[in-house]
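Here is a short report for a first look at a protein model. Please keep the sequence and the 3D view open while reading.

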Amino acid sequence: MSTGKVIYSCDDCENIHRLKVATTMDLFKSSGVLLFRGFGVTHEQMKTFAERFSSRFIQDYGRPQVDSDKFVHFVDAGMDNSSFHREHGYSPFCPDVIWFCCAVPAAQGGETTFCDGVRVWEELSEETKQLFISKKLKFCYEVQADILRRFTGLDGTITDIKQVLDSLEGVNYQIKENESISIEYICSAVVKTKYGHDDAFANSILTLDYGEATLEDDSIVPDEIIGEIEKVTDKLMEKIPWQAGDLVMIDNSRFMHGRKEFNDNRRQIFSTLSNLNF
């Protein structure tokens with residue numbers, strides 16, 4: 001990886017829990033992607049390692065959970081190529097970091113891909129930059145109250161959920177009689193990175209799994225703009241060629257990620273999402 005950093009195990013440090021938090025965070029802040037290799041990390045160890053850095057975990061309701069831990073999930077849903085996206089970029093509940101660990105890599109393909117949103121923004125044309133500076137994105141979708149409770153970490157009533165939604169910038173919503181909630185979320189396609197506060201093109205405009213994304217004035221992003229974004233992100237694409245026991249830590253405020261297609265139902269990748277203490 002030319003952008004991220006690889007941390008290898010060694011005779012003096014075969015256990016990932018012996019890595020120093022401060023040193024690891026310094027590397028993470030500067031690079032944004034860390035690959036821990038040779039430590040033989042399991043999904044249980046991923047969670048306990050992540051706990052050392054995290055203030056809270058975020059449940060990913062779109063994926064099945066592993067065992068009894070509601071914050072550890074199976075990643076694989078299908079084997080197709082997955083376009084670049086910011087995790088939960090369609091919602092106001094974006095995690096700071098995505099953790100992935102590999103139990104079984106695909107025999108061929110299936111690499112997790114990533115690209116630096118700071119570099120993407122630098123390489124987009126001035127015309128495209130002006131479009132996203134002048135207009136924000138709009139995501140519209142419907143979610144059940146129970147799912148939103150898990151998403152926000154709340155166990156409260158509809159009134160509690162309303163208080164949370166009312167406090168969020170760019171959110172309009174309507175609660176229906178069956179406690180489903182229609183959400184309209186308006187956000188910039190360009191965000192400030194958590195570390196460095198640089199402009200990064202980090203969003204979910206290329207993946208519309210959770211509803212139709214438009215610009216805030218309800219106009220559609222022109223095909224030529226989407227084509228330019230795809231061309232730039234493909235140019236800047238980097239891949240993680242998985243090995244069993246790998247752990248990866250990705251800055252969700254700076255990097256978009258995706259997946260290459262594969263044809264091996266043995267592939268097994270786990271994830272957890274968290275906000276950081278630092």
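The report below covers a predicted model, starting with its cores and ending with its cysteines.

## Nonpolar cores

The largest nonpolar core holds 56 residues. Within this core, Phe132, Leu148, Phe201 and Ile205 touch the most other members. Helix H7, residues 223-236, gives the most to this core: five residues. A second, separate core has 27 residues. Val21, Met46, Cys101 and Tyr195 are among them. In soluble globular proteins, nonpolar side chains tend to be buried together.

Take a closer look at phenylalanine 201. What does phenylalanine 201 contact, leaving aside neighbours within four places in sequence? The list runs Gly117, Val118, Val120, Trp121, Leu124, Phe132, Ala189, Val190, Ile229 and Met256. Phe132 is on that list, and Phe132 also belongs to the largest core.

Helix H4 spans residues 126-134. Its buried residues are Thr128, Lys129, Leu131 and Phe132. They cover an arc of only 155 degrees around the axis, so they sit on the same side of H4. Which exposed residues does the face turned away from the buried side carry? They are Glu126, Glu127 and Ile133.

A salt bridge joins two residues of this helix. Glutamate 126 pairs with lysine 129, and their closest N and O atoms are 3.7 Å apart. Both residues lie in H4, three residues apart, which is about one turn of the helix. Glutamate 126 is exposed, with a relative accessible area of 53%. Lysine 129 counts as buried because its relative accessibility is 13%, under the 20% limit.

How many salt bridges does the count come to? The count is 14. One of them links lysine 47 and glutamate 51, with the closest N and O atoms 3.9 Å apart. These two residues are four residues apart in helix H2, residues 43-51, so about one helical turn separates them. An α-helix has 3.6 residues a turn, so residues three or four places apart point the same way. Is lysine 47 buried or exposed? Lysine 47 is buried, at 10% relative accessibility. Glutamate 51 is partly exposed, with a relative accessible area of 41%.

Another salt bridge pairs aspartate 199 with lysine 192. Here the closest N and O atoms are 2.9 Å apart. Aspartate 199 is partly exposed, at 33% relative accessibility. Lysine 192 is exposed, with a relative accessible area of 51%. Elsewhere, salt bridges that share partners join Asp60, Arg63 and Glu87 into one network.

## The loop between S17 and S18

Strand S17 covers residues 255-259, and strand S18 covers 268-276. Aspartate 264 lies in the loop between them. Aspartate 264 is buried, at 7% relative accessibility. A polar atom of its side chain lies 2.8 Å from the backbone nitrogen of alanine 107. Which residues does aspartate 264 touch, not counting those up to four places away in sequence? They are Met79, Pro105, Ala106 and Ala107.

Asparagine 265 also has its place in the loop between S17 and S18. Asparagine 265 counts as exposed, at 67% relative accessibility. In sequence, asparagine 265 and phenylalanine 278 are 13 residues apart. In space they are 37 Å apart, C-alpha to C-alpha.

## Aspartate 166 in helix H6

Helix H6 runs over residues 158-166 and contains aspartate 166. Aspartate 166 is exposed, with a relative accessible area of 54%. Its side chain makes a polar contact with the side chain of tyrosine 173, at 2.7 Å. Alanine 200 is 34 residues from aspartate 166 in sequence. The C-alpha to C-alpha distance between the two is 27 Å.

## Cysteines

How many disulfides does the structure hold? The number is zero. Cysteine 94 is in no disulfide, and the nearest cysteine sulfur, that of cysteine 187, is 7.5 Å away. Cysteine 94 counts as buried, at 19% relative accessibility.

Cysteine 102 is buried too, at 0% relative accessibility. Its sulfur is 7.7 Å from the closest cysteine sulfur, in cysteine 101, and that is too far for a bond. The cut-off for a disulfide is 2.5 Å between sulfur atoms.

Key
Residues are numbered from 1 along each chain as its sequence is written. This is a predicted model: local features need pLDDT of at least 70, side-chain atom pairs count only at pLDDT 80 or more; totals for chains, interfaces and linings use all residues. Side-chain values use heavy atoms; hydrogens and water are left out. Buried means under 20% relative accessible area, exposed over 50%, partly exposed in between (1.4 Å probe, protein chains only). The arc is that of the directions from the helix axis to the C-beta atoms. A polar contact is a pair of N or O atoms within 3.5 Å; within protein, one must be able to donate a hydrogen and the other to accept it, and residues adjacent in sequence count only if both atoms are side-chain atoms. Contact means heavy atoms within 4.5 Å. A nonpolar core is a set of buried Ala, Val, Leu, Ile, Met, Phe, Trp, Tyr and Cys residues joined through side-chain atoms within 4.5 Å. A salt bridge is a side-chain nitrogen of Lys or Arg within 4 Å of a carboxyl oxygen of Asp or Glu.
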